[in-house]
Amino acid sequence: MSPSPRLIGVVGAGSIGASVCADLAVHGFRVVLVDISPAQLDKAKDVLTETVRFGPMVRPDLPRLDVDEVFAAVRFTTRLEDLSDCEFVIENVSEHWETKRDLYRRLDAIVAPEAIFGVNTSSIPIARVAAETSRPGRVIGTHFMNPSYLKEAVEVMRGDETSDECLDHVLGILAELGKEAIVVGDFPGFVSNRISHLFFNEAARVVEEHGVEPAVVDEVFRKCFGHRMGPLETADLIGLDTVLLTLESLHASYGDDRFIGSALLQAKVTSGQLGRKTGQGFYSYSPAQ
């Protein structure tokens, strides 16, 4: 008899959490997806369905699977306690420090001591998260990008106390997902977000200060630099609230005013124009998008 598929936990069913869950499920893992919102879990089911049905069309090496078969491997729940048997838990909640701190204190008491925590954070140092647990050697940063199944690599942040065993375990899981791990150090924003969020912020300032249309800004980077998406398209995909929270965290860490969110970005977040997830950001989106 073949062994049962490995069980991975995913906390947070927003756009990135749902995407990571779907990526794991189509690659043969069993998944426990947790969110405090039943409505958010329902949205994650739509992401899973779309990934199973359409993922192989845009990435032919993805397995072609039956939707019902994949759904049978995923447990959708509002209970953190349902993560108790997971070997690896990937956290994708808000960048509010208090939210993460309280979550990890709860997870530490629920999940087995040998389990690993993967922190999918935009800017918070891994050592800071690890200090809230009794297992700092088993806490590591796993910065998945969205949509997860289309990305060939994951930025992995190794904290000062992250063990070799922990790193090797996570590298093995990522290899099963067909992803390369790019291991970086542990500092606020890491490589990707310390650079990219300045990029997003300056793009917003160009729109705000000089009246350049967002589509023109993005076209420059797509057509002149070969980027698949321009900075404002990417910010809309991430969520403008997440972008602003990350900038605020980076500003608090570095004290550099370059990280103060542009007035336009702040105004969009205040008005609820958060990007794709709300249907309006720098662009307007139909429900199908």
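Reader: What should I know about the numbering and the pLDDT cut-offs?
Author: Residues count from 1 along each chain as its sequence is written, and side-chain values use heavy atoms, leaving out hydrogens and water. Since the model is predicted, local features need pLDDT of at least 70 and side-chain atom pairs 80 or more, while totals for chains, interfaces and linings use all residues.

Reader: In what order do the strands of the sheet run?
Author: Strands of a sheet pair through backbone hydrogen bonds, either parallel or antiparallel. Here eight strands make an open sheet, β3-β2-β1-β4-β5-β6-β7-β8, with mixed pairing. Strands are DSSP E runs of at least two residues, helices H or I runs of at least four, numbered from the N terminus; a pair needs at least two DSSP bridges. β3 (74-77) and β8 are the edges, each pairing on one side only.

Reader: At what angle do α7 and α11 pack?
Author: About 95 degrees, with axes 7 Å apart. That makes α7 roughly perpendicular to α11 (65 to 115 degrees; axes are lines fitted to C-alpha atoms over the stretch in contact, with angles from 0 to 180 degrees between N-to-C directions).

Reader: Which peptide bond is cis?
Author: Most residues other than glycine have a negative phi, and most peptide bonds are trans. The cis bond here joins Asn-146 and Pro-147, with omega about -5 degrees.

Reader: Is Phe-190 buried or exposed?
Author: Buried, at 1% relative accessibility (under 20%, with exposed over 50%, using a 1.4 Å probe and protein chains only). Phe-190 also has a positive phi, near 55 degrees.

Definitions and conventions. Angles under 35 degrees count as roughly parallel, over 145 as roughly antiparallel, 65 to 115 as roughly perpendicular and the rest as oblique.
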